[in-house]
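Here is a short briefing on one protein chain. Look at the sequence and the structure first, then read the points by topic.

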Amino acid sequence: MGTVATKRGITGWKATIAVAMSNYIEAGAIIALATSLSLWQSAFGFDDALVGIIAAVSANAFGAALGAMIGGPLCDRLGRKFIYTYDLIVFMIGALLITFTANTTLLVVGVVLMGIAVGAGVPASWTYIAEEAPEESRAAHVGTAQLAWSFGPAVGFALAIMVEPLGVAGSRLIFFHLFVVAAVTWWVRRGLPESTRWKEQRANELANGTKISFFSGIRSLLAERKNFSALLFLIGVYGLWNTVAGQAGIFQPRVYEAAGVESATQQNLLQVLVWVLTAAATYFGFMKYGDRVSRRWLYFTGALLGIVAWAVLIFVPPGTFSLLFYAVAWGISAGIGAQAFYGLWTAELFATKYRASAQGVLFMLARVMVGLLSLVFPVLLTNMGLEKLGLLILGLLAAALLIGTIWAPETRGKSLEEIEIARYGKLVAADRVDA
């Protein structure tokens with residue numbers, strides 16, 4: 001496979017935006033559940049333990065983990081377009097089930113289906129966007145996924161404020177809005193081409209007589225020792241940070257309540273502020289400067305700001321200052337922080353033939369980490385209080401800061417092929433690996 005130049009037929013911003021909508025839908029699904037869990041709990045009469053279980057099997061955790069484990073390998077086996085064409089159909093079924101649910105069972109089934117669809121779609125979208133982006137603006141294109149992910153909570157919390165007087169009926173409307181967005185996105189995506197890099201790599205494998213199976217990508221990924229350091233690095237960056245962000249995403253209303261903010265409207269307004277600032281920081285920070293300045297120090301800035309934000313929320317007495325400081329600092333940090341860099345670095349540090357499989361494995365592990373803590377987070381928050389539980393939160397964020405800052409790769413301005421040759425000494429797709 002020859003080196004692919006930037007004139008290789010980049011699909012363009014239309015494709016980037018259409019595929020990035022997976023992230024809006026993912027975040028929207030998490031926030032729709034976060035803002036409605038207490039309402040469903042009151043309507044159907046289940047306890048805090050089941051709240052944790054529902055959160056754990058959602059798009060925020062195990063549901064997405066299962067989808068990623070299926071979608072990542074399939075994305076390498078059948079192509080990026082296969083996943084982002086069909087994953088939203090599963091998502092729409094789940095959204096409709098929740099919209100019209102009359103009992104806890106249908107609620108859980110809908111939550112699981114949406115989670116599986118999200119888990120399959122997000123790694124495919126990050127992979128596709130990075131593969132089709134010019135090397136000189138790869139961070140800007142990958143950042144579009146983070147931008148869409150930021151708009152999901154901003155819109156979700158704003159809708160929650162608007163429909164709050166409707167109770168459970170309002171939550172049903174939020175899930176129905178996700179169904180509509182998914183349907184429109186699915187329609188737009190039908191006309192998108194396959195990833196050029198994936199097509200060239202597949203043509204090379206067929207020419208070499210390589211046998212390809214569902215597990216080919218994962219087997220090739222784990223057969224190369226150099227990949228283990230990248231996997232550990234990215235789990236340290238994204239897995240640890242996301243374990244905190246995942247609890248914030250699904251349980252933040254309960255965290256605010258523990259910090260003294262009991263009004264649902266005030267909680268949601270704070271979250272709207274968080275995510276509007278996340279979107280702004282993603283666009284004006286990561287997308288504008290991720291291809292121009294030191295990524296190491298940009299990452300460090302975002303990670304440090306996140307630690308300061310949580311330290312203020314946890315230890316400063318509840319009040320206007322502490323709550324607004326948290327919302328502003330955490331929002332900005334998320335825009336230039338771990339998730340945006342994870343989407344970029346995961347695409348850069350793995351070869352084309354198993355790039356999506358790596359995304360699937362990493363996304364699965366990250367969501368499992370979120371899920372394990374989600375199972376007990378509501379109970380821990382009630383029994384331990386925010387200050388004691390906050391020490392765990394700060395420890396995870398500090399570890400992610402150190403790992404990402406110390407071992408940040410220098411890949412800015414390089415093509416994916418140049419990075420691949422530098423890491424492996426050759427283009428990995430040229431090798432024959434039978435599976």
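The side chains of Ser-22 and Arg-189 are joined by a polar contact of 2.4 Å. A polar contact is a pair of N or O atoms within 3.5 Å; within protein, one must be able to donate a hydrogen and the other to accept it, and residues adjacent in sequence count only if both atoms are side-chain atoms. This is a predicted model: local features need pLDDT of at least 70, side-chain atom pairs count only at pLDDT 80 or more, and totals for chains, interfaces and linings use all residues. Residues are numbered from 1 along each chain as its sequence is written, and side-chain values use heavy atoms, with hydrogens and water left out.

**Around Ser-22**

- Ser-22 lies in helix H1, residues 13-34. Helices (H or I, at least four residues) and strands (E, at least two) are DSSP runs, numbered from the N terminus.
- Ser-22 counts as buried because its relative accessibility is 5%. Buried means under 20% relative accessible area, exposed over 50%, and partly exposed in between (1.4 Å probe, protein chains only).
- Not counting residues up to four places away in sequence, Ser-22 touches Asp-87, Gly-121, Val-122, Ser-125 and Arg-189. Contact means heavy atoms within 4.5 Å.

**Salt bridges**

- Side chains of opposite charge can pair when their charged atoms come close.
- How many salt bridges does a search of the whole structure find? It finds nine. A salt bridge is a side-chain nitrogen of Lys or Arg within 4 Å of a carboxyl oxygen of Asp or Glu.
- Asp-87 and Arg-189 form a salt bridge, with their closest N and O atoms 3.7 Å apart. This pair links distant parts of the chain: Asp-87 is in helix H5 and Arg-189 in helix H8 (residues 168-189), 102 residues apart. Both Asp-87 and Arg-189 are buried.
- Glu-131 pairs with Arg-80 in a salt bridge, and here the closest N and O atoms are 2.6 Å apart. Glu-131 sits in helix H6 (residues 104-132) and Arg-80 in helix H5, so the pair ties together parts 51 residues apart in sequence. Glu-131 is buried, at 0% relative accessible area. Arg-80 is buried too, at 0%.
- A network of salt bridges links Asp-76, Arg-80, Glu-131 and Arg-355.
- Arg-138 and Glu-348 meet in a salt bridge of 3.0 Å, N to O. Arg-138 is in helix H7 (residues 138-163) and Glu-348 in helix H15 (residues 338-348), 210 residues apart.

**Nonpolar cores**

- The largest nonpolar core has 123 residues. A nonpolar core is a set of buried Ala, Val, Leu, Ile, Met, Phe, Trp, Tyr and Cys residues joined through side-chain atoms within 4.5 Å.
- Which members of this core touch the most others? They are Phe-91, Trp-241, Trp-310, Trp-330, Trp-345 and Phe-350.
- Helix H11 (residues 226-258) gives the most to this core, with 15 residues.
- Leaving aside neighbours within four places in sequence, the contacts of Trp-330 include Trp-241, Val-274, Trp-310 and Leu-397.
- A second, separate core has six residues, among them Leu-74, Cys-75, Ile-83 and Ala-356.

**Partly exposed residues**

- Tyr-86 is found in helix H5. It counts as partly exposed because its relative accessibility is 46%.
- Met-69 is in helix H4, residues 62-78. It is partly exposed, at 24% relative accessibility. Met-69 and Phe-363 are 294 residues apart in sequence, but 8.1 Å apart in space, C-alpha to C-alpha.
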